[in-house]
Amino acid sequence: MEKVKVNNDFDLVLLDWEMPNLNGIDTLKLIREFNTDIAIIMVTTKNDPNLIAEAFEYGADEYVMKPFTKEILLKRFQPL
């Protein structure tokens, strides 16, 4: 997250829900505190409508289910 905070050259962040120290939703919230322009796609293995809704509520632009292909990812990124 620090790299995103310091460097504004990113167009996209792929953010996993499950991370060791800080979960994806908390990281999403922190990123959105200082950057509302960067596209964020949440990555998950869980097809839970409540989690997906929560991610959108806190500023996710899209989500993709694992495993995914490059083509699926590009489709999700195109409209952003």
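Biologist: Which residue forms an aromatic pair with Phe56?

Modeller: Phe56 pairs with Tyr63 in an edge-to-face arrangement, at 6.1 Å centre to centre and 75 degrees between the planes. The rings of Phe, Tyr and Trp (its six-membered ring) pair if their centres lie within 6.5 Å, and planes under 30 degrees apart count as stacked, over 60 as edge-to-face and the rest as tilted. The structure holds one such pair.

Biologist: What lies over the face of Tyr58?

Modeller: Lys29 does, at 4.3 Å from the ring centre; the criterion is NZ of Lys or CZ of Arg within 6 Å of the ring centre and within 35 degrees of the ring normal.

Biologist: Changing topic, how many residues are in the largest nonpolar core?

Modeller: That core has 13 residues, and Val13, Leu15, Trp17 and Leu28 are among those with the most contacts inside it. A nonpolar core is a set of buried Ala, Val, Leu, Ile, Met, Phe, Trp, Tyr and Cys residues joined through side-chain atoms within 4.5 Å. Strand S1 (12-16), helix H2 (24-34), strand S2 (39-44) and helix H3 (49-57) each supply at least two of its residues, and the largest share, three residues, comes from H2. Helices (H or I, at least four residues) and strands (E, at least two) are DSSP runs, numbered from the N terminus.

Biologist: And what does Leu28 touch, beyond four places in sequence?

Modeller: Leu28 is in contact with Leu15, Ile40, Met42, Ala55, Tyr58, Gly59 and Ala60, contact meaning heavy atoms within 4.5 Å.

Biologist: Where is confidence lowest?

Modeller: Confidence is lowest in helix H1 (residues 2-6), at a mean of 61, and highest in H3, at 94, on the pLDDT scale, the predictor's confidence in each residue from 0 to 100. The mean for the protein is 86, and 88% of its residues reach 70 or more. Where pLDDT is low, the predicted coordinates should not be read in detail.

How values were computed
Residues are numbered from 1 along each chain as its sequence is written. This is a predicted model: local features need pLDDT of at least 70, side-chain atom pairs count only at pLDDT 80 or more; totals for chains, interfaces and linings use all residues. Side-chain values use heavy atoms; hydrogens and water are left out. Buried means under 20% relative accessible area, exposed over 50%, partly exposed in between (1.4 Å probe, protein chains only).
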